[in-house]
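Biologist: I am new to reading protein models. Could you walk me through one, feature by feature?
Modeller: Gladly. Here it is.

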Amino acid sequence: MPQYDSCTNCFNSLKGNTVCPVCRYDRTKEKKYMGVLPSFTVLNNRYLIGRVLGKGGFGITYNAIDLASNTICAVKEYMPSEYSTRSGAATQVVPFSDDKSKYVFHHGREKFVDEAKTLIRLQNNPIVVDILDYFNENNTAYLVMEFLDGQDLRKMARSNGGRLDAEYMKSVFVTVASSLMEIHRLNILHRDLSPENIIVTSQGAIKLIDFGAARNFVSTQNKGMSILLKPGFAPPEQYNAKGAHGPWSDVYALCATFYNLVSGKPLIDALFRYRGEQQPSLASLGCQVTKKTSDVIEKGMELDYKMRYPNFKELLDDIDINVSPQQILQRYQPPRQQYINNGVRNQPQIHQQQVQQKQEYGQQIYHSEQRESVPAASVQIQNPGYYVAAMVGGGIRNKIMINRNDVFKIGRSVQNCQYVINGDTNISRVHCYIRLAGSEIYLTDVSSNGTFLADGYRLEKNKEYKVNAGVQFYLATPNHMLIVGM
């Protein structure tokens, strides 16, 4: 395998340097992992592998570049270390020779693919990581996900002395619990909630990764459970393949996550708690939470699932929160990685062999902060008097004209929206839309996180509001203030 003169972090040319001139990544300091794919391996004739983002008992996650769309993504490889291996420079993942390993490996792989199909069903949920592709190769399976520019709650806590502000964590908790309540209605469980699986993006949005259906299957096969389950976060029923799993299992894990990050104390594993070890309440530890919140978390972590909250709706009815989660989440903005620009990397200089593998999609991606024009075919101006524009620093930028005969959609989806705001997962794929009827303007919210008038009034979802030219409104947070102008 030739070693291309490219950065394994951002895939721009190193130009003979050790440190990338674009993202400043020093590959000589890259952590070395055994049994991973070599850098610059191409998967599915499309995804060029870079550095390892993480390796655990269940699999390996790499950063990669999609050679078709020229964007950074993440690729997760199924490789349970207790049941399979990759030897030497081979790319094939093979189960160990015993019958048990073969059985667990093959059935776990099937569930890994099923998990991809499940996550695709959750594409409209703003906190669930987007699944872009999945495929089988190298005798194993791969998930391709959006690359999340940010850090998980564990890393945030470590950079903050081992704990996070209780007010902030309550907002994260409510945000995740509210979304999981909707996910559970589809009979889907997460099964692997922990600080490492909740990501805060550079825009302050919350993202949930690593749904654990496949991991749960592998972990309950009586081998390697200590590696695949996260002590302290896994509810007791998760240690038993025939345990009573349900929404209450995710309730336990999310409450454990809150407890751990607010207290800064290690959790006592459920099995040790069964043997009599006591876990003190947040209130008794002097944490800055109300007695009511402490009681809610304690009930959410009851060992007997029948004593726990059966679902997040009942839990959320009990917890006390006096401020909108968005108001608090905006205060926490993890540092943005240098090479990401609204989810699309800077102009690359890819090795010629990589260029030959690229496919042209004929699709241009526009960004709310950079777009100066759109293709003529997408805007046929029949009413030149109205436009949507961004309000930036008191000025108007990035005007996009509204076609009177169309529903003018605003959101993250390049395919579905005329005004695209990329890179902020608080924004729904189609967040809101504008309709012109003669000289009258109508605004409708269809999002998860809300469309607000400039004074903070939240539009009722799916209700059409008549507005005047010059109206200012924002999507999810005031960071995305727009105007309908004439």
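Biologist: Over which residues does the pLDDT stay under 50, with 149 contacts beyond four places in sequence?
Modeller: This is a predicted model, so start with confidence. pLDDT is the predictor's confidence in each residue, from 0 to 100. The stretch you ask about is residues 323-384. Over residues 223-227 the pLDDT is below 50 as well. That stretch has 10 contacts beyond near neighbours in sequence.

Biologist: What is the mean pLDDT of the protein chain?
Modeller: The mean is 80. A pLDDT of 70 or more is reached by 81% of the residues. Among the elements, helix 6 (residues 247-263) has the highest mean, 96. Strand 12 (residues 340-341) has the lowest, 32.

Biologist: How many helices and strands are there in the protein chain?
Modeller: Count 11 helices and 23 strands. The chain has 486 residues, and 55% of them count as buried.

Biologist: Which strands pair with strand 23, and over how many bridges?
Modeller: Look for partners on both sides. Strand 14 (residues 387-392) pairs with strand 23 in the antiparallel sense, over four bridges. Here V388 stands opposite V484. Strand 22 (residues 472-475) is antiparallel to strand 23 too, with three bridges. Y474 stands opposite M481, and Q472 has I483 as its bridge partner. Strands 22 and 23 form a hairpin, with five residues between them. In the turn, A476 has a positive phi of about 70°.

Biologist: Is strand 23 largely enclosed or open?
Modeller: Check burial residue by residue. Buried means under 20% relative accessible area. Five of the five residues of strand 23 (residues 481-485) are buried, so the strand is largely enclosed by the rest of the structure. Both faces are covered. M481, I483 and G485 lie on one side, L482 and V484 on the other.

Biologist: Next, charges. How many salt bridges does a search of the whole structure find?
Modeller: Side chains of opposite charge can pair when their charged atoms come close. The search finds 13 salt bridges. One of them joins K76 and D210, at 2.9 Å from N to O. K76 is in strand 4 (residues 71-78), while D210 is in the loop between strand 11 (206-208) and helix 4 (213-219). They are 134 residues apart in the chain. Both are buried.

Biologist: Which residue forms a salt bridge with D295?
Modeller: K291 does, with the closest N and O atoms 2.9 Å apart. Both residues lie in helix 8 (residues 291-300). They are four residues apart, about one turn of the helix. K291 is exposed, with a relative accessible area of 54%. D295 is partly exposed, at 34%.

Biologist: What about E196 and R154?
Modeller: Their side chains meet in a salt bridge of 3.1 Å, N to O. E196 counts as partly exposed at 28% relative accessibility. R154 counts as buried at 14%.

Biologist: Which residues are linked in a network of salt bridges?
Modeller: Look at D130, R412 and R429.

Methods: Residues numbered from 1 in each chain as written. Heavy atoms only, no water. Buried < 20%, exposed > 50% of the residue type's maximum accessible area, 1.4 Å probe, protein only. Helix = DSSP H or I, 4+ residues; strand = E, 2+ residues; numbered from the N terminus. Pairing = 2+ DSSP bridges. Contact = heavy atoms within 4.5 Å. Salt bridge = Lys/Arg side-chain N within 4 Å of Asp/Glu carboxyl O.
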